[in-house]
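Biologist: Please show me the model. Then I will ask about it.

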Amino acid sequence: MTDATPLSTATATGHKMSARGVNVFYGDKQAIRDVSIDVDMDHVTAFIGPSGCGKSTFLRTLNRMNDTIASARVTGDIMLDGEDIYSSAMDVVQLRARVGMVFQKPNPFPKSIYENVAYGPRIHGLAASKVALDGIVEGSLRRAGLWDEVKDRLSDSGTALSGGQQQRLCIARAIAVDPEVILMDEPCSALDPIATAKIEELIHELRGRYAIVIVTHNMQQAARVSQKTAFFHLGQLVEYGDTDNIFTAPKQERTKDYITGRYG
Amino acid sequence: MNVFALLFVVVGLGLIGWLTARARAVRFDRGGQKRLHSLPSQHGWYVAMWTVLPALLFVAAWTALSPALIRDQVLKAPAAAQLSDFAFERDTILGEARDVALGRADSTFDPTADALVAPMREAIAFYGWTGTAIAILLAFAGGAFAFSRISPAFRARTRVERGLMLILLVASLIAILTTIGIFLSLFWESIRFFAMVPPQDFLFSTHWSPQLIDPNNPGKSLGAVPLFWGTFFIGAVIAMLVAIPFGLMSAIYLTQYAAPRVRAWMKPMLEILAGVPTVVYGYFAALTVAPAVRDLAVHLGMPFASAESALAAGLVMGVMIIPFVSSLADDSIAAVPTAMRDGSLAMGATNSETISRVLLPAALPGVVAGVLLAVSRAIGETMIVVMAASGAANITLNPFESATTVTKQIVDLLTGESEFDSPKTLAAFALGLTLFVITLLLNIVALRVVKKYREAYE
């Protein structure tokens with residue numbers, strides 16, 4: 001079972017997000033077994049592990065994206081600021097405005113760059129006027145480090161950008177609704193090394209303003225961008241701790257084998 | 001010899017060719033001097049193809065040619081000297097003679113045909129046997145040629161592949177050639193029509209009354225504008241007002257909201273709607289919907305409302321098209337990547353926001369193409385309008401008034417007694433040609449749109 005640091009009850013912790021005893025089932029198949037973990041505001045948390053270990057599945061429970069899969073079922077508690085996100089009192093629309101997500105493959109909408117970023121503010125009614133909306137769009141693109149590249153062609157289609165620009169556009173789209181947590185599901189796996197470096201740099205800059213959780217299959221990336229690392233294997237959380245410790249002095253044999261490239 | 005017997009013989013020869021060639025190739029193999037390039041059965045297929053295909057092509061060509069040859073031969077007979085020069089009459093008499101000669105009829109109706117029976121029988125027998133002999137000879141020659149080429153190094157495999165490709169090519173050409181043939185036949189008849197009626201009268205004048213044609217100025221009563229208006233009004237306006245919203249909404253429900261179990265029975269039900277014969281829709285339109293529409297019109301203060309209103313035909317046609325629109329819209333919505341949908345949902349958009357702001361705009365080109373195809377089907381649809389639409393050619397915007405369509409008029413022009421060289425009858429071909437061109441253009445535009453759309457996501 002997990003040998004992660006023993007945790008007290010979720011509500012009392014003051015962590016941004018806390019999961020306790022989370023199981024995820026797809027039909028009869030159990031994809032996640034009894035995972036407990038905390039995510040903090042001032043940290044970038046990385047989920048690593050071999051393919052199929054459940055790290056992406058677990059990430060998707062944090063903003064209830066598994067709801068879109070009919071056969072998926074989640075048990076256990078996941079708290080956002082002490083509120084149970086799976087309780088009936090929690091509105092999934094509100095939740096996803098607070099917990100944003102960036103996907104593995106850049107998925108800008110087939111709309112203009114401006115409309116891509118304005119999408120969230122529009123559906124959540126965040127901008128009272130066109131001027132306010134322009135401000136949100138510019139601010140989000142600036143924070144995503146894309147403004148200088150696209151400011152003269154905001155009406156061009158978002159799908160016409162390069163892969164790395166598209167992914168930064170997706171990040172701008174996510175931060176336009178001013179979320180508290182940003183989930184990133186292998187955001188660089190479809191990008192070349194230069195675009196990857198830009199995204200990693202961006203993650204550094206966004207740190208502190210948002211709690212960031214990033215799933216990656218690239219251990220160097222986890223070591224570069226994160227302060228906390230969680231190692232998943234076969235649906236279990238094997239080890240969770242400071243990134244430095246995980247990579248230099250893993251407590252678990254399985255973690256050590258994975259990090260040294262014995263399997264994965 | 002009967003054509004079927006001949007085919008049987010040719011295929012039999014092909015089978016023999018296959019067996020002997022294969023046996024020979026197997027012997028090469030056992031001889032062991034050299035490895036065979038191709039499998040023994042491929043050698044068999046090579047010989048079989050050479051045996052059967054040239055003979056079959058010859059039989060096809062001969063079947064098309066021999067009636068003309070037979071006719072020429074019979075016309076040379078002394079008994080044919082008194083035959084009329086008028087082709088139509090002459091061919092009728094020759095046809096009678098042929099029926100008797102082939103034993104399909106007991107006696108002739110026209111005494112002049114009697115004298116022709118004997119020469120006819122002779123000609124048929126002569127050309128029949130000649131054709132049979134040549135076909136069998138070709139089969140032997142082809143088989144022998146192919147058989148002589150078999151050797152261990154012979155590349156039968158590549159030849160057979162190429163042969164198969166040619167067969168498939170011919171099969172696909174047949175559909176294309178048929179389309180061209182249909183177009184040409186329409187085209188020639190239309191040219192005859194336009195020789196009598198100036199095209200500008202037909203295409204741009206607004207008076208249509210083919211029953212009262214002034215022989216000196218036929219164009220005056222053959223203005224097709226009311227028909228095209230009626231076709232457009234019933235097929236592209238009223239029917240689409242029904243089909244587009246309902247088809248689109250059912251596609252959205254089925255792809256985005258329906259549980260798999262609901263979808264599993266609802267989709268086949270919709271497809272059953274697509275399989276209902278159009279004549280049944282015609283009954284429904286004429287017997288149920290049309291009276292109801294008329295009663296409604298009377299209720300609304302139109303005491304002389306037509307029982308053959310544009311609305312009745314258009315409504316039922318729209319219902320008929322719903323499954324068509326629905327399944328095309330379903331396909332194009334389903335083709336939008338899931339990542340797009342997830343991206344929107346992850347922003348906190350609701351299901352309906354995701355559909356209206358992301359999925360539908362992304363699927364729009366496919367949906368538009370589907371609608372264009374649906375329009376081209378609706379304006380070509382015949383049975384519903386024949387049964388439910390009126391024959392009166394009006395240009396009207398009132399759906400309770402009667403309107404007629406191109407297809408309905410074509411049926412009216414070609415049924416009943418009519419000569420095939422009057423402007424009235426030939427007008428049907430001109431109408432058909434125009435309709436054909438319009439639907440062709442609609443289909444081309446729709447396919448273009450679909451193609452462009454596919455490029456965006458692959």
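A few questions and answers follow.

Modeller: First, this is a predicted model: local features need pLDDT of at least 70, side-chain atom pairs count only at pLDDT 80 or more, and totals for chains, interfaces and linings use all residues. Residues are numbered from 1 along each chain as its sequence is written, with chains lettered from A and ligands numbered from 1 in the order in which they are written.

Biologist: Which element supplies the largest share of the side of chain A that touches chain B?

Modeller: Contact means C-beta atoms, placed from the backbone, within 7 Å. On that basis, 19 residues of chain A are in contact with 14 residues of chain B. α2 (92-98), β6 (99-102) and α3 (113-124) of chain A each supply at least two residues of that side; helices (H or I, at least four residues) and strands (E, at least two) are DSSP runs, numbered from the N terminus. The largest share, 4 residues, comes from α3(A).

Biologist: In β5(A), which residue is the bridge partner of Met79(A)?

Modeller: The open, antiparallel sheet of chain A has the order β2-β1-β4-β5; strands pair if DSSP finds at least two bridges between them. β4 (residues 72-80) joins β5(A) by 2 bridges. In β5(A), the partner of Met79(A) is Asp84(A).

Technical notes: Two residues are in contact if their C-beta atoms, placed from the backbone, lie within 7 Å.
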